[in-house]
Amino acid sequence: MEAQWITALQQRIDKNRVQTGTADRHSYSYDGSFGEFLPEAVVQVRSTEEVVAVLETANSYRVPVTPRGQGTCLSGGPLPVKGGIVLDMSQWPSSVEVTPGDLTARVSPGTLTSAIHAAAEKHGLMYPPDPSSAHVSTIGGNLAENSGGPRGLKYGVTKDYVIGLEVVTPEGKVMQTGGSTIKNVTGFDLTKLIVGSEGLLGVITAATLKLIPKPPAVQTIMASFASMETAGEAISKTLTSGILPAKMEFIDQACAQAVEAYQPSGLPTDAAAIVMIELDGNEPSIQVEARQVSAIMKELDALQVIEPETPAAAAAIWKARKMVSPAIAKIKPTKVSEDATVPRSRIPEMTARLAEIKEKYNVSLVVFGHAGDGNLHPNILCDKRDQEEMKRVEQAVGEIFEAAIALGGTLSGEHGIGTMKSSFMEQELGAVGVDMMRRIKDAWDPNGIMNPGKIFAEPGQRLVLTDE
């Protein structure tokens with residue numbers, strides 16, 4: 001016999017989009033992180049009115065609601081850890097309405113991030129946030145997690161481009177935040193509060209995004225180094241030289257070797273670290289900057305410095321960078337992807353700590369990431385069927401977080417907290433900081449229905465990557 005709240009939902013939303021079958025529910029029980037949790041129902045919504053119907057019903061019956069985009073999250077954000085309803089936003093019709101004169105775009109939550117990029121480019125504009133999952137992730141998920149990407153160094157992350165939202169509150173009320181103007185200091189900045197709140201405060205049903213003119217020219221530079229420390233020095237010297245690249249990425253030797261084995265791309269496999277840089281702006285200025293950057297790399301004894309002469313050659317380098325994640329996934333069946341972020345000056349220390357952790361716990365750890373803003377992606381390659389190995393991985397991940405915090409960094413640069421990092425929150429924010437966040441959550445969602453089990457750890461909770 002179905003629960004009363006399911007019957008109530010079916011009376012307000014097309015029954016075909018209120019799914020309770022076992023196979024349907026299992027399809028929404030996992031994401032790109034760890035753990036599987038079975039919801040009691042999946043509701044595929046396509047309009048603000050339908051979200052209102054779901055939240056009014058759920059709040060009335062005290063049923064948990066977990067919003068979900070495409071499930072690409074690496075921190076457990078869309079996992080229905082308390083059962084209840086998975087609110088599938090990915091079926092929402094895609095919509096991007098660009099207003100070129102205002103440099104803005106109004107988008108629906110189910111729109112793929114890549115579709116926003118494409119729509120902006122038709123007007124000579126650019127939406128800067130570029131998470132690696134842009135071709136499959138929805139903007140709703142990006143907003144919930146405050147996603148970043150390689151261009152974050154120069155242009156910032158998702159929150160820096162959101163100027164207005166339509167949000168459905170946990171009680172099912174529709175609220176507008178911000179607006180369509182670039183400057184807006186009316187009251188509390190609820191827009192910034194909601195972006196990155198991981199679905200704990202409400203459901204975003206529309207967003208107004210800021211766009212910028214697309215730079216007319218770009219230049220890529222790739223340099224390889226004999227040590228991670230020297231690569232870190234090159235990164236630091238570039239950033240203090242007065243040059244601000246659009247992207248500044250790095251990969252270690254293991255990543256380069258994995259890419260070449262997976263899809264040969266011409267990356268040097270004998271270097272300890274490879275730094276990839278993209279400069280953008282006007283043609284004359286980036287030519288000068290490219291010469292300066294190349295000189296810095298050579299001064300620090302780069303093994304090789306390459307300036308691709310064609311767009312195709314430059315694209316091949318950035319394609320190789322995007323190949324890192326799928327390539328290293330071929331080494332072992334399980335990949336634990338983290339995004340501990342440290343101040344840029346502490347990157348060499350953090351890479352040294354990662355090497356120590358790798359040796360201490362005898363784990364296969366590779367490092368790549370957004371070196372320009374200190375956003376590292378240490379990935380541990382393992383096999384979740386090996387319980388003993390996964391115990392060591394759990395300990396290693398814990399020490400990675402502790403090392404980042406000790407160096408003045410943060411648990412997450414762009415992946416979010418979700419279930420994976422909640423037990424470490426107090427180490428970074430302190431008891432008072434976490435308590436103040438809980439108070440905000442309780443005020444917005446008094447019945448606690450919105451995405452429970454995320455960000456805030458329960459008593460005794462710890463990181464668990466095994467099936468215990």
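The bend at a residue is taken as the angle between two axes, one fitted to the seven residues ending there and the other to the seven starting there. In this predicted model, helix H15 bends by about 85° at Ala431.

Four residues of H15 are buried: Met425, Val434, Lys441 and Trp444. The buried residues of this helix pack against strand E9 and against helix H7 (190-194).

The segment after H15 contains Asn451. Buried means under 20% relative accessible area. Asn451 has a relative accessibility of 1% and therefore counts as buried. Its contacts, leaving aside neighbours within four places in sequence, are with Val65, Thr66, Pro67, Gly77, Leu79, Glu198, Gly199 and Leu200. Leu200 lies 251 residues from Asn451 along the chain, yet their C-alpha atoms are separated by 5.3 Å.

Strand E9, against which H15 packs, belongs to an open sheet of five strands. The strand order is E5-E6-E10-E8-E9, and the pairing is antiparallel. Strands E5 (96-99) and E9 (174-178) stand at the edges. Each has a single partner strand, so one side of each is left without a neighbour in the sheet. From one strand to the next, the twist averages 15°.

Within the sheet, strand E6 (residues 104-107) and strand E10 (residues 203-210) run antiparallel and are joined by four bridges. Val107 has Ala207 of E10 as its bridge partner. Helix H4, residues 113-121, lies across E5, E6 and E10. H4 runs at about 30° to E5.

The largest nonpolar core has 61 residues. Phe225, Met350, Ile380 and Val393 have the most contacts inside this core. Helix H14 (residues 387-406) supplies the largest share of the core, nine residues. Val393 touches Val336, Val363, Ile380, Cys382 and Leu465, not counting residues up to four places away in sequence. Another core, of 26 residues, lies apart from the largest one. Its members include Ala119, Leu125, Tyr155 and Leu209.

Technical notes. Residues numbered from 1 in each chain as written. Predicted model: local features only at pLDDT ≥ 70, side-chain atom pairs only at ≥ 80, totals over all residues. Heavy atoms only, no water. Pairing = 2+ DSSP bridges. Helix = DSSP H or I, 4+ residues; strand = E, 2+ residues; numbered from the N terminus. Axes fitted to C-alpha atoms, helices over the stretch in contact; angles between N-to-C directions. Contact = heavy atoms within 4.5 Å. Core = buried A, V, L, I, M, F, W, Y, C linked by side-chain atoms within 4.5 Å. Buried < 20%, exposed > 50% of the residue type's maximum accessible area, 1.4 Å probe, protein only.
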